Amino acid sequence: MRFRHRAAAGFATLLLPLAGLVGLASPAQAAANATASFTKTSDWGTGFGGQWTVKNTGTSAISSWTVEWDFPSGTSVTSAWDADVTNSGTHWTAKNKSYNGGIAPGASVSFGFNGAGPGSPSNCKLNGDSCDGTTVPGDAAPSAPGTPTASGITDTSVKIAWGAATDDKGVKNYDVLRDGKVVSTVTATSYTDTGLTAGTDYSYTVRARDTADQTGPVSGAVAVHTTGGGTTTPPTGDKVKLGYFTEWGIYGRNYNVKNLVTSGSAAKITHINYAFGNVTGGKCAIGDSYADYDKAFTADQSVSGTADTWDQPLRGNFNQLRQLKAKYPNIKVLWSFGGWTWSGGFGEAAKNPAAFAQSCYDLVEDPRWADVFDGIDIDWEYPNACGLSCDTSGAAAFKNLMAALRAKFGTGNLVTAATTADGSNGGKIEAADYAGAASSVDWYNVMTYDFFGAWDAKGPTAPHSPLTSYSGIPKDGFTTADAMAKFKAIGVPAKKLLIGIGFYGRGWTGVTQDAPGGTATGPAAGTYEQGIEDYKVLKTSCPATGTVAGTAYAHCGSNWWSYDTPATIASKMTWAKNQGLGGAFFWEFSGDTGNGELVSAISNNL
């Protein structure tokens, strides 16, 4: 089996401060014997670089420091260095690393981050006091209000209600924010917003203010789409809905191209990636010739209902895909090369990109099956980084390879790539020039799954496909949101990014704790591989018992699994639309139920 495996853990932390600082330091807000000041070091429109500087203004050494601030809704930290940065909603906290907590009198330390969105920090605190060196009142700031709910939606108005915040001295009032801007301040826990535009999307959050006039963190957001305007949902007709079909699935899994028809999935997708072709000797090569173009399918296995004959020009999966395209002419098929097992060949290919591209073109456009394929997909795990093996081709190798493929395949074919989703500081996204390669590809399949799994046999248990971060996540930056934010921050257009969904779960055994973060004794048993199981099996064998970070988890007996369900997929598709992503893809068809309920969840909500 050649499953997609994890976006391996264990990445170095970037320790170098930002170079080429631009902009002016804003007046700071910081503690009784220290100050903290913020500087915007760069700005690229959709994001920015920032730096905090903590200075010891007292007469004795400081042993540790914590900087806190608020961002407006829509602004966030996507990566950071020289500090451990976390958040609760729009409230952000940075704590010193082990090597830079101590600050001598008169000395200072700095840490930096990349941010997404247009906002600037406010309500700064340093070690609990104001960042400008004054002492704040003794009472704490109020808590975040409950996430608002929306009702009474019309063409021009909506009622927003929320759970009350708490404060040790009492809550005075609430700010209601529409799309990150305050539209009203009220004393009640509800507000009716008027004067809106019909058929328009809005986002509402709330924050509390206490009797000392301290504002607390912003609540979660509720999305509202006003009625009228010709439609009640945003148009999504051009979204990519892509699934991987594995050449080896026809063996032990007994999953044939015909199953795409009988499950109803073929009518709900736009693209198929056929996985995998090999990469060897610097060239594209056949993966499994018997499965690809030789196996004879019987009438009941065939899309057309006609049995293959011994003397027909083309058999195997390629002929079945040809029959599928005849039945569903809107479907485009790409041949995917590499994958976890065969990515070791890309290093040799990168030495002569033009020759590699020529070999791939000759194979994909072979006259025997040229009509089957509409382009090529490159699944390099991972350029200039480690997967099953470690690549040392250099940061430019991926860009050069994709440029050569585009030049050879031209504009009439699709050229795409599967990419890492490692959004951690110093992680795999930073190892290759994905931004430079973006101009050569139609889209990236961002593998936003396999973040965590039972290769860490003792745990902690964690969802393998978190949409967002959560308290206790084992590795910062290992989320869908972090990956997409980093790609967008380096200049990859959102419409060229596809969110990835795994049609399987990853699990541990020897687990007693229901919530994530429990210890384990090893991987749970799986049908084909330890620690992994199809959704169609887990749906009934270990039903979901909770959700975390936008995905589901299940604790049954001593086993603990995480996987996506139709409900969590629906939420992820809504998130993808709100982010302006180009669509979604999944790995892979055979993990779905016989009636294709996961494919339906993608199609219906995208």
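This is a predicted model: local features need pLDDT of at least 70, side-chain atom pairs count only at pLDDT 80 or more; totals for chains, interfaces and linings use all residues.

User: Is strand S22 enclosed or open, going by how many of its residues are buried?

Analyst: Six of the six residues of S22 (residues 414-419) are buried, so the strand is largely enclosed by the rest of the structure. Leu 414, Thr 416 and Ala 418 point one way, while Val 415, Ala 417 and Thr 419 point the other way.

User: Which strands are joined to S22 by bridges?

Analyst: Strand S21 (residues 375-379) runs parallel to S22 and is joined to it by five bridges, with Asp 377 standing opposite Thr 416. The chain gets from S21 to S22 through helix H7 (residues 397-409), in a right-handed β-α-β crossover. Strand S23 (residues 443-446) is also parallel to S22, with four bridges between them, and there Tyr 444 is the bridge partner of Ala 417.

User: Switching to cysteines, how many disulfides are there?

Analyst: The structure holds four disulfides. One of them joins Cys 386 to Cys 390, with 1.9 Å from S to S, and this link is right-handed, at 110 degrees about the S-S bond.

User: And what about Cys 542, which cysteine is it joined to?

Analyst: Cys 542 is joined to Cys 556, and since Cys 542 lies in the loop between helix H10 and strand S28 and Cys 556 in strand S29, the pair ties together parts that are 14 residues apart in sequence. Cys 542 is buried at 1% relative accessibility, whereas Cys 556 is partly exposed at 23%.

Methods:
Residues are numbered from 1 along each chain as its sequence is written. Side-chain values use heavy atoms; hydrogens and water are left out. Buried means under 20% relative accessible area, exposed over 50%, partly exposed in between (1.4 Å probe, protein chains only). Helices (H or I, at least four residues) and strands (E, at least two) are DSSP runs, numbered from the N terminus. Two strands pair if DSSP finds at least two bridges between them. A crossover is right-handed if, with the strands pointing away from the viewer, the path from the first strand over the helix to the second runs clockwise. A disulfide is a pair of cysteine sulfur atoms within 2.5 Å.
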